[in-house]
Amino acid sequence: MFNIKTVDLELIKKLGEGSFGAVWLCRWQQKDGKTRFVAVKKLMSSMMNSHVNDFFREATLMTGISPHKNIVKIHGLCQEQSNFSLVMEFLRLGSLDSYIESRVYNPNSKDSYGWDKHDLH
């Protein structure tokens, strides 16, 4: 797994909360000089001791999946001092569940999946 330094990540805004901690939109300064927006899942310091193995298990599982257009790409991991973060592809439309929740059925829309969000509950 590719190691990413914390100093190469600029926190921009909090996107949400996950089971292990907060997910942030960050600007990643890559080694080749290019920058890229990424989502960074930061393990909460209060969970450092009790859930660090689960966090690394998730990271290992996600990086072991073959690249696929429907699966979020993992760019790497930060493992510095008390900072453990998973650096992932940023999805500008948000998480799949929030995207589905925001959609309204419209059979004439080219980007509609054709379901009513009320049928998903």
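Tutor: A salt bridge is understood here as a side-chain nitrogen of Lys or Arg lying within 4 Å of a carboxyl oxygen of Asp or Glu. The model is a predicted one, and by this rule the count comes to 3 salt bridges.

Let us begin with Arg27 and Glu10, whose side chains meet in a salt bridge at 2.9 Å, N to O. Arg27 belongs to strand 2 (residues 21–29) and Glu10 to strand 1 (residues 9–17), so this pair ties together parts that are 17 residues apart in sequence. Arg27 has a relative accessibility of 30% and therefore counts as partly exposed. Glu10, at 42%, likewise counts as partly exposed.

Another salt bridge joins the side chains of Lys14 and Glu17, with an N to O distance of 2.4 Å. Lys14 has a relative accessible area of 44% and is partly exposed. Glu17 stands at 52% relative accessibility and counts as exposed, because the term applies to values over 50%.

There remains the pair formed by Arg57 and Asp54, in which the closest N and O atoms are 2.7 Å apart. Both residues are found in helix 1 (residues 48–63), where they are separated by 3 residues, about one turn of the helix. Arg57 is exposed, at 54% relative accessibility, whereas Asp54, at 27%, is partly exposed.

Definitions and conventions: Residues numbered from 1 in each chain as written. Predicted model: local features only at pLDDT ≥ 70, side-chain atom pairs only at ≥ 80, totals over all residues. Heavy atoms only, no water. Helix = DSSP H or I, 4+ residues; strand = E, 2+ residues; numbered from the N terminus. Buried < 20%, exposed > 50% of the residue type's maximum accessible area, 1.4 Å probe, protein only.
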